[in-house]
Amino acid sequence: MKNLSWFNKIIYLLNVVLAVCTLIGYILPFLAPKLFPFLAVLTLFLPSLLILNIFFLIYWLVQLKRQLWLSAVIFLLGITFFTKFYKFSENVLAKEEEDFTVLSYNVRLFNLFDWLPNENVSENIKRFVEQKNPDIICFQEYSKSANYEFDDYKFRHIVMHGNKIKSGQAIFSKFRMINEGEITLPNSDNNVVYADIIKGKDTIRVYSIHLQSINISPNINEKLDESKSKLIFKRISKAFKEQQVQSELIQSHMNDFKGHKIICGDMNNSAFSYVYNNIKGEMQDAFVEAGKGLGKTYNYKYYPARIDYILVDTIFQVKEFQTFDTFKNSDHFPIFARIKINNKE
């Protein structure tokens with residue numbers, strides 16, 4: 001510090017503050033939001049903190065200052081967090097007969113209330129599904145308002161709630177279903193549905209989840225004053241506490257099933273959260289295994305949010321993963337994975 005100019009001393013002080021905040025961000029995914037509801041919000045900003053650490057690293061590296069080691073160590077400690085945010089290269093493996101494909105998509109009621117100025121949303125989604133031709137589909141915020149059937153999918157599990165406006169979740173499958181059900185989430189309009197699907201000699205339980213929303217519009221563009229910022233902060237904190245309860249219910253339900261599991265859906269939370277960490281457990285994140293780029297799944301203007309996931313047990317091999325972030329027919333983007341069961345002989 002003695003050999004630094006007054007300007008660099010200020011920069012390094014900011015660097016230290018950033019390092020401390022980043023370390024806290026590394027710990028938060030393992031701490032229940034109920035214990036630290038306000039601190040839990042910091043997990044949303046962890047990608048930005050990681051990027052800022054890289055900027056500081058470059059800044060000190062250009063000047064050949066030993067202060068670069070602070071950001072270097074912080075970045076290396078969180079390298080696994082970075083791969084949840086950005087993948088430099090995808091890992092696409094050759095197709096085999098045993099492969100099957102899964103699509104997950106929050107369709108936002110097929111634009112029932114004309115959120116998008118597009119009269120062809122339902123038809124666009126139908127054509128997209130026909131083009132990708134997945135073996136299993138998990139829809140969140142599903143509605144029968146689209147008024148068409150997915151005729152290629154003989155097996156389906158659809159759960160709808162509501163009085164005048166019915167919405168819910170749906171699982172469509174080309175493979176036979178032998179069991180299905182729902183996990184009701186307390187004090188919430190959201191829910192979880194599941195179906196046991198037969199693939200060859202294996203039984204796979206597929207979950208489609210939709211956790212508590214944080215209720216922030218993707219089109220928010222008004223100037224945020226202090227009162228609005230506090231309101232949003234409290235709203236997110238409250239939603240995270242509710243998501244914790246929901247994730248624990250899902251985890252308990254999954255533990256009761258000893259077969260292979262796939263989880264699809266909208267967690268309304270980042271890959272750096274307690275909720276994600278709790279549900280994922282030892283499972284594989286298909287984006288981390290085979291994705292590329294930012295993996296953005298929510299059409300939020302100011303932040304590349306990845307809140308939709310396909311998680312699979314370790315017995316599966318993820319051979320391809322895609323995020324269709326140019327397909328703007330909902331506030332979410334569809335995600336797609338090609339996987340294979342690696343049965344041991």
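Okay, so helices here are DSSP runs of H or I with at least four residues, strands are E runs of at least two, and both are numbered from the N terminus. This is a predicted model, where local features need pLDDT of at least 70, side-chain atom pairs count only at pLDDT 80 or more, and totals for chains, interfaces and linings use all residues. Residues are numbered from 1 along each chain as its sequence is written, and side-chain values use heavy atoms, with hydrogens and water left out.

Let's start with helix H7, residues 226-255. Lysine 238 and glutamate 242 sit four residues apart in that helix, so about one helical turn separates them. Their side chains meet in a salt bridge at 2.7 Å, N to O. By salt bridge I mean a side-chain nitrogen of Lys or Arg within 4 Å of a carboxyl oxygen of Asp or Glu. That rule gives 11 of them.

Now, which residue does lysine 319 bridge to? It's glutamate 96, with the closest N and O atoms 2.6 Å apart. Lysine 319 is in strand S11 and glutamate 96 is in the loop between helix H5 (79-85) and S1, so this pair ties together parts 223 residues apart in sequence. Lysine 319 is buried, at 2% relative accessible area, while glutamate 96 is partly exposed at 37%. For those words, buried is under 20% relative accessible area, exposed is over 50%, and partly exposed is in between, using a 1.4 Å probe and protein chains only. Both residues also belong to a salt-bridge network with Asp99, Glu320, Arg338 and Lys340.

And one more pair: aspartate 196 bridges to arginine 205, again by salt bridge, with closest N and O atoms 2.6 Å apart. Both of those residues are buried.
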